[in-house]
Amino acid sequence: MADNSELWLQQLLAQHGGRASFAVVMDWLLNDSQHGFYGSGRCCFGPRGDFVTAPSLGSGLADLLLKQLIPCFDLLSAQPGKLSLIEWGPGNGLLALQLVEALLALSPPWLARLEIVLLESSAPLRMVQQETLKNSTIPCYWPEPDELISEPRRGIVLAHELLDALPVERFVLFQGNWHGLDVVLSSKGEFEWHTGRPLAAKSVEQLEAMGLETNGGNRPEGWCSEWCPSLEPWLQQVRQGLQQGWLLTIDYGHPAKRYYAPNRDGGTLLAYRAQVASPELLAEPGSWDITAHVCNTLVEQLATTTGWCWQGAELQGEALLRLGLAQLWSELSTPGIAPISWRLARREEYQRLVDPYQLGGFWWLQLCTPGLPGMVQLLSVSG
């Protein structure tokens, strides 16, 4: 029998007929308001928490990221009206705070017109963010997505380590066709993986467009991976809430050719807690973060159908070097600019931000509304 920590998931599965797709289960594991890893607020950010995010290391990412964002706001400020910096899934609010502090230090001419908008579905995390940003002199708001859609903004949407938490569907090659991989509650109350129904035609077509042959190609029976059915509605939702501007997502990812390579059997799904990774996705349900890499190619393909213009993808390390990281790194060697302890800590932070085996493995995916230049193009022109 399962232990008491599993009872809530057992009950939900029983109410669901004893069987559910993994996308449904992953949503429960992360977002259930009482038991989910994020929904309940039990997640812990930072070096001593469940996982390290770039803002928990220091303000290096925010300082460099702002160099990418300011030319965008400069362009939008040519028209009258409010400007919005929108963070979707703000975590503990630390990145938003660092961006606020950097903006106040720079004091661009349009600062008085700027608002910070934070989209957060977890009530406990929303309270943490409100505490983090309570002293911000830039107005901060926490609307529901529907409120944003009813009053679309002009500005930039930032999604930092959000897409890897969107629920994904697992699928498996069974008898020469792609089938869903479901979570089933056994007669003993244990969680089991069972082959489900064949994937819907639309899903199969989407996978085929990314190079995953309908019959599996040369992949063996039982080969499995995942894809994100909630990505398309999320992109549509964000687009509806943005009258004019850009979307920048930052996450671990792969292009489809690598994501669905024949030797990547099992996909990218992992559970995380206390900075330990585990392939056991259903152990101690709600106590672990569940994450899957983003398929960059899927975002690119969905851009057009959801009203966006795709502007490209680049590794975080390359993006930060383009934004001047090398110069900042060099300045750390200048004697006297700051205590050596601060300079050493900053050097370590920069190293982690660009290390391809750490945060440098993130991808920056850039989209914009029709008629606007891409972020990289705009920065090169303004520079």
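Reply: Let's start with the side chains of Glu314 and Arg322, which are joined by a polar contact of 2.5 Å. This is a predicted model, so please read every distance here as computed from predicted coordinates. Glu314 sits in strand E15, which covers residues 309-315. Is Glu314 buried or exposed? Its relative accessibility is 13%, and it therefore counts as buried. Setting aside residues up to four places away in sequence, Glu314 touches Ala319, Arg322, Phe362, Trp363, Trp364, Gln366 and Val376.

Trp363 takes us on to an open space. Along with Leu315, Trp363 is among the residues that line the second largest pocket. Which element gives the most to its lining? That is strand E10 (residues 242-254), with 3 residues. Sorted by class, the pocket lining has 5 nonpolar, 5 polar and 1 charged residues.

Rolling a probe the size of a water molecule over the atoms shows where empty space is left. In this structure there are 2 cavities of 30 Å³ or more. The largest cavity holds about 110 Å³ of space. Its lining counts 15 residues, and those nearest the centre are Val168, Cys228, His293, Val294 and Cys295. At least two lining residues come from each of strand E9 (224-227) and strand E14 (294-295). By class, the lining of the largest cavity has 12 nonpolar, 1 polar and 2 charged residues.

The second largest cavity contains about 40 Å³ of space. Around it are Leu85, Ile86, Glu87, Ala96, Leu99, Ile116 and Leu158. Strand E2 (83-88) and helix H5 (94-106) are the elements that give two or more residues to this lining, and E2 gives the most, with 3 residues. The lining of this cavity divides into 6 nonpolar residues, no polar ones and 1 charged.

Now for some helices. Helix H11 spans residues 296-305, and its buried residues are Asn296, Thr297, Leu298, Val299, Leu302 and Ala303. Just after H11 comes Gly307, with a positive phi of about 95 degrees. Asn296 also gives a sense of distance across the model: its C-alpha atom is separated by 30 Å from that of Pro124, and the two residues are 172 residues apart along the chain. Pro124 belongs to helix H6 (residues 123-132). With 28% relative accessibility, Pro124 counts as partly exposed. Not counting residues up to four places away in sequence, Pro124 touches Gly39, Ser40 and Gly41.

Helix H2 (residues 22-31) is largely enclosed by the rest of the structure, because 7 of its 10 residues are buried. Those buried residues are Phe22, Ala23, Val25, Met26, Trp28, Leu29 and Leu30. They pack against helix H1 (7-15) and against strands E1 (19-21), E6 (169-174), E7 (177-185), E8 (191-198) and E13 (289-291).

Two packed helices are described by the angle between their axes and the distance between the axes. For helix H4 (residues 60-76) and helix H14 (residues 340-354), the axes come within 10 Å and cross at roughly 65 degrees. On the H4 side, Gly60, Leu61 and Asp63 meet Arg346, Glu349, Tyr350 and Leu353 of H14. The residues of this contact divide into 3 nonpolar, 1 polar and 3 charged.

One last stop is Ser278, in strand E12 (residues 276-278). Ser278 counts as buried because its relative accessibility is 13%. A polar atom of the Ser278 side chain lies 3.0 Å from the backbone nitrogen of Glu280. Leaving aside neighbours within four places in sequence, Ser278 is in contact with Leu270, Ala271 and Trp288.

Terms used:
Residues numbered from 1 in each chain as written. Predicted model: local features only at pLDDT ≥ 70, side-chain atom pairs only at ≥ 80, totals over all residues. Heavy atoms only, no water. 1 Å grid on protein atoms, 1.4 Å probe; cavity = no way out; pocket = protein on both sides within 12 Å on 5 of 7 lines; lining within 4 Å. Points joined across faces, edges and corners; volume = space filled by probe spheres on them. Helix = DSSP H or I, 4+ residues; strand = E, 2+ residues; numbered from the N terminus. Nonpolar A, V, L, I, M, F, W, Y, C, P; charged D, E, K, R; others polar. Buried < 20%, exposed > 50% of the residue type's maximum accessible area, 1.4 Å probe, protein only. Polar contact = N/O pair within 3.5 Å; in protein donor to acceptor, adjacent residues only side chain to side chain. Contact = heavy atoms within 4.5 Å. Axes fitted to C-alpha atoms, helices over the stretch in contact; angles between N-to-C directions.
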